[in-house]
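Some notes on this model follow, as numbered points. Please read them with the structure open.

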Amino acid sequence: MLKFKKLFSPLDIGVAVLQNRFVMGSMHTNLEEIEGGFERAAVYYAERAKTGVGLIITGGISPNIQGCVGPHSAKLSNREEVEKHRLITAAVKEADGKICMQILHSGRYGYHKDVVAPSPIQSPISFFKPHELTDEEVWKTIDDFGQCARLAREAGYDGVEIMGSEGYLINQFLAERTNKRQDDWGGSYENRMKFPLEIIKEIKKQTGNDFIIIYRLSMLDLVEGGSSWEEIVKLAKEVERSGVHIINTGIGWHEARIPTIATTVPRMAYSWVTAQMKKEISLPLIAVNRINMPEVAEKILEENHADLISMARPFLADPEFVTKAKEGRDDLINTCIACNQACLDHTFQLKVSSCLVNPRACFETIYPIKPAEKIKKIAVVGGGPAGLAFCVTAAQRGHEVVLFEASDVLGGQFNLAKVIPGKEEYAETIRYFSNMLKELKVDVHLSTRVDKSFFDENTFDTIVLATGVHPRIPDIKGIENNMVIRYDELLSGHRIAGEKVAILGGGGIGFDVAEYLLYETSPQGELHTQHYLSEWGIDKSLMVPGGLITPKHVPPAREVHMLKRSSGKYGSTLGKTTGWIKKISLANKKVNMISGIEYKEINDRGIVIVQNNEDVFLEVDSIILCTGQIPEQKLFYDLKHLSEEVCMIGGAFEANELDAKVAIEQAFRLAIQM
Ligand code: SF4
């Protein structure tokens, strides 16, 4: 159980108001950009504040138009905007919480024509070339930061966080990579760090000493031409001297080709960076990135790597995280699995963020969980993600729920996902749902296959079919050969692949299977972090500016070929914020990806494909089928004659591009309507 310690003796700035060491970190949800979004954001934040989060930091708000991330992104630069923010601060205060607003100027990361930067160098992740700020415009921008903080104070915020990391404007001034100026704002590091220091000075001037200021410091840029550790420490000391109250950790610019928060990144993979900074300064420091359970937070605090723990996505996944941690009910925490599928992928698609394992996140006002008007007896068939999600919400509403699962375990396809190296977190979702079923007294029947005759003899008000999918077997000559293995046979451990493998299918499952085949064993614990740092070339010695060194790749455990019929690029269906990681990872392991082919024949020595109208023979020991799924719908048609309501959800409803996010959301929505 997490030990809650009082961190600060009363400081004159009010940091002692922190009730515990959990900070809900900044995460842009796009709520502030939609009609009625501030009202929704108010409920979203207040729900988290109620559970005793020490401090909430909002998503990034720009100090002016040029700093907006997109053409219609939220900013705070006038009185009218103050009123909207009051909705958030009032709701959080009523919930007895504390909230700081993050001020974020996107600089050259902006997606609009007015983008600005210290130098006119276009970022690799934006289409827009920035205008180089003149000296006068630099001072005006500093003033805008100060005004934004003052307006935040007027709006009722307890403080602000200055976003000085992730490659946004302040970072762009600090690093030689993006600052080529010859004037007082460029050249020496003293000149380059003047920009953030003047911003802090201006904010203090406009807000006073009793307003919390957090500075998010980029401690590891993970780009060529990034800051050196010596420079970062110099800035940290100046930031401390300038009267900032807390320093938050920033890891990696957005343009860095290094995963820093995805599920492939080990838990607490970066707390060692914050620990190094703790040796240099005495301000309270916040640790970030891949901290998703109380035990991880506790380890970081016990090892004195940081004073406070910031989590953003885990509070999307479970608004009651802190309450459960306090009460030692960690086994009931709905853990963030770092998939990014409903949060960051949505943010970058300009959709409202939510959470794969908690579709209610950011939709609290739209999807309230109310007691059912009429209690129903509901049979749920299938204990995969969709079936489990339905059971939990339906039971929370008071329905009498009975779950039938044909296998001897709950979790369905997540049992296959959890064995993929880097997807081990999926086991947490099965653990959460399984424990919630016990908590909510759902009547669970494992190893129980139900059929038409069962429902002829047993009566329910509603039957929900979450019967999932089965793999599609393509029509290829020789498909019955013993070297052919279905993906579910492989990942469940029932079959083992040989040394040379061809994967048929280039979708998400094909990528997962490739990852599984490339590693003999998946490293765990500290070894996992070492493996990750060396595979991606991250300098733990902090000797290299930017923090990048030559990666050292562990040789692949097998020779792997991926084959697909369509001619498009590999990975086009993968998530926006994680697909590139999978593609780089497989390229590093020399996976041979071939597209636009036909499968001609499988024989005892391998597979013949047709490529550019010519037969090509690939000699392999095993062929893994990742060629899609077919919905398991037989029971639905068998029950057509029943007068009871029969519903179908998840893969059983729609198997194309099988997607846990859609399945869980569909299940949740059905459960709140019933
Ligand atoms: Fe975490 Fe995935 Fe939910 Fe995002 S969508 S909060 S990464 S579980």
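1. Start with helix α8. Its buried residues are S271, W272, V273, T274, A275 and M277. The model is a predicted one.

2. What do the buried residues of α8 pack against? Among the partners are three strands to look up: β7 (212–220), β8 (246–251) and β9 (285–287). The helices α7 (229–241), α9 (294–302) and α19 also pack against these buried residues.

3. Helix α19 covers residues 525–536. The loop between α18 (508–518) and α19 holds E520. Is E520 buried or exposed? E520 counts as exposed because its relative accessibility is 61%, and the cut-off for exposed is over 50%.

4. E520 also belongs to a negative surface patch.

5. Now turn to T462, in strand β14 (residues 462–465). T462 counts as buried because its relative accessibility is 0%.

6. Which residues does T462 contact, leaving aside its neighbours within four places in sequence? The contacts include K376, K377, I378 and A379. E645, C647 and M674 are in contact with T462 as well.

7. One further pair deserves a check on screen. T462 and A671 lie 209 residues apart along the chain. Their C-alpha atoms are separated by 11 Å.

Conventions. Residues numbered from 1 in each chain as written. Predicted model: local features only at pLDDT ≥ 70, side-chain atom pairs only at ≥ 80, totals over all residues. Heavy atoms only, no water. Patch = residues over 30% accessible without salt bridge, like charges linked within 9 Å, V, L, I, M, F, W, Y side chains within 5 Å. Areas by Shrake-Rupley, 256 points an atom, 1.4 Å probe, with all protein chains shown as cover. Salt bridge = Lys/Arg side-chain N within 4 Å of Asp/Glu carboxyl O. Lys, Arg positive; Asp, Glu negative; His and termini not counted. Charge placed at Lys NZ, Arg CZ, Asp CG, Glu CD. Helix = DSSP H or I, 4+ residues; strand = E, 2+ residues; numbered from the N terminus. Buried < 20%, exposed > 50% of the residue type's maximum accessible area, 1.4 Å probe, protein only. Contact = heavy atoms within 4.5 Å.
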